[in-house]
Structures are given as structure tokens and as C-alpha cells.
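Me: I am new to this structure and would be grateful for a close look at a single part of it. Please describe that part and then place it in its surroundings.

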Amino acid sequence: MSDRMPFALWRRFLALPNDSRTKTLGVAFLVALVSASTVSLTSVVLKPRQQAHLEAAREAKLAAMIATLPGLADTLRETGAETLETVVVDLASGRIAEETTPDSYDFLAAQGDPAQTIDLTPEQDLAGIGRRPHLAPAYLLRGRDGLALVVLPVYGTGYQSTIRAYLALSADLNTIAGLSIYEQGETPGLGSRITDPVWQALWTDRQAVDPSGEVVISVVRGSASGPSEVDGISGATQSSTGVARLVRFWLGPDGFGPFLDNLRSGESP
């Protein structure tokens, strides 16, 4: 008797008039239940595939970015760079923020969020950014002999705009493998010349950090005469110096310095 009761109730429910409030609410509930179950099942089944697509898209985007860095083609061929790892770095400790995934972290949004940044003193703030995010992404390319390249997103203030770039370091983590400025609003024809591939190529193979760990890269007026110097741009001194200052900041103790120190020491960051 009890086994037949659900079917009897179902028949009574179907027999209700179509304009019955009970039937309308019941049908709406059943539709919602079926829809929710379908969405949940689809999410579970497709999640691995969606994650794979996200990772592939991120790797393709980074590969395209690296391809724009002047002078890197030979480096990548020589090192056989083949494995890409994207990490989110806790800048204060220099360690990977395991609880934050690269897909979930928005570096650009964090820069404008007081809760995700810290104040910099005037002495610290070489890049002129005011506040620095707690976390930042970094991209590690590994080759046949281990770490081949580290690519860091960097930014700072130029003459009249925020300059954003990717800075690539060679395996020794002291030598610049390439610099690519992808966003700026400097004076057209003057400061905007920092995007000239010829000038950006001057950064390749420059010594950024000396053996003692001091950041030594600089832009000089006239022609560079040392391994850590880059020619300034005539008529765009503040813009080109701004690039040097932002590079110095992000390689220093208040930027990626602690992370790079951990990598140099062979300690897992």
C-alpha cells in the first residue's frame, strides 16, 4: 500500500487544473530542481576540461608576451625552455602564496585596492607607485638544465603616465634577458620612444644586480660605458629614467628581491 502511495499522489498532482496554484508552484519547483541538478552535474564533469582550457589560454598568452621581448629567441633556443610555471608571490616573504591561484588573482585590480596593498615610504618608492600589492605573479620557464628564465610584471610612474612592462631575467637572475614595455602614456614622439624596440633591446644582457646583491642597473645620459648602464633617450630623460627606477624598485627588497634571493640560494620559495 505504502509503495503505491507516491504514484497515487503523483496522479492526483497531474490531475489538478493547469491554473491551480499548487500545480504551478510544483512544476516550477521540479523545473528548478532538474535545472540545478543538470548544472551541478555539468560543472563536475566539465571542470577538469575547463581548467585545462584556462591553463592552455594562460600559457598561450604568456608565450605571446615572451615572444615580444627583444633578444629572447636565442636564449630560449639555447636553454631549451619548455616548461612554464606561473606562481603568485608573497612579496614580503619572497615565498609562493600557495593559498592564491594564478587564475583567481587579479594583479591589476589589486593595485587599486587598499586592502591588498601596503604604503611605501618616499625612500622605498623608487617607482613612484605610492602603494605596493602584497602579492604579484611571476612566470618561471624551465629548460634542460633547470630554471632558464624568470619573467616579472613591473610598473611605475614615468614623466606623465604609468609605465607597465615585462622584465625577463636570465638563469643567473642577475642579468636582464629582455624588457618589453606594453603600456604607457608618455609624450608622443619624446617619452613614448621608450617603446622603441631598438631602445628596449639595449637592456638585453645588462647586469641588473651585482655579486653582492645590490641592484645596479641605471640609465645614463649619453652613451653607456659599463655593463649595468643603458643609454638614455635624448629629450626624454624623465621617461627613460622612470623605466630605470621602476626596474630598480621591482628587483629590490620591496619588490621581487626576496623572491629572487630565494631562487638564487636554491631554497624553495
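Reply:

In helix α6, the buried residues are Ser 239, Ser 240, Gly 242, Val 243, Ala 244, Leu 246, Val 247, Phe 249, Trp 250 and Leu 251. The model under discussion is a predicted one. An α-helix has 3.6 residues a turn, so residues three or four places apart point the same way. The length of α6 can be checked as well: at 1.5 Å a residue its 15 residues should span 21 Å, and the C-alpha atoms at its ends are 21 Å apart, which agrees.

Six strands form an open sheet in the order β2-β1-β5-β6-β7-β8, and their pairing is antiparallel. Strands β2 (95–96) and β8 (176–183) stand at the edges with a single partner strand each, so one side of each has no neighbour in the sheet. For β8, antiparallel pairing with β7 (residues 162–170) runs over six bridges.

The whole chain gives the wider setting. The protein chain has seven helices and 10 strands, and 39% of its 269 residues count as buried. Among its contacts with a separation of 6 or more, 55% are between residues 24 or more positions apart. Its accessible surface comes to about 14,900 Å², and 56% of that belongs to carbon and sulfur atoms.

Methods. Residues numbered from 1 in each chain as written. Predicted model: local features only at pLDDT ≥ 70, side-chain atom pairs only at ≥ 80, totals over all residues. Heavy atoms only, no water. Pairing = 2+ DSSP bridges. Helix = DSSP H or I, 4+ residues; strand = E, 2+ residues; numbered from the N terminus. Expected span 1.5 Å × (residues − 1). Buried < 20%, exposed > 50% of the residue type's maximum accessible area, 1.4 Å probe, protein only. Contact = heavy atoms within 4.5 Å. Areas by Shrake-Rupley, 256 points an atom, 1.4 Å probe, with all protein chains shown as cover.
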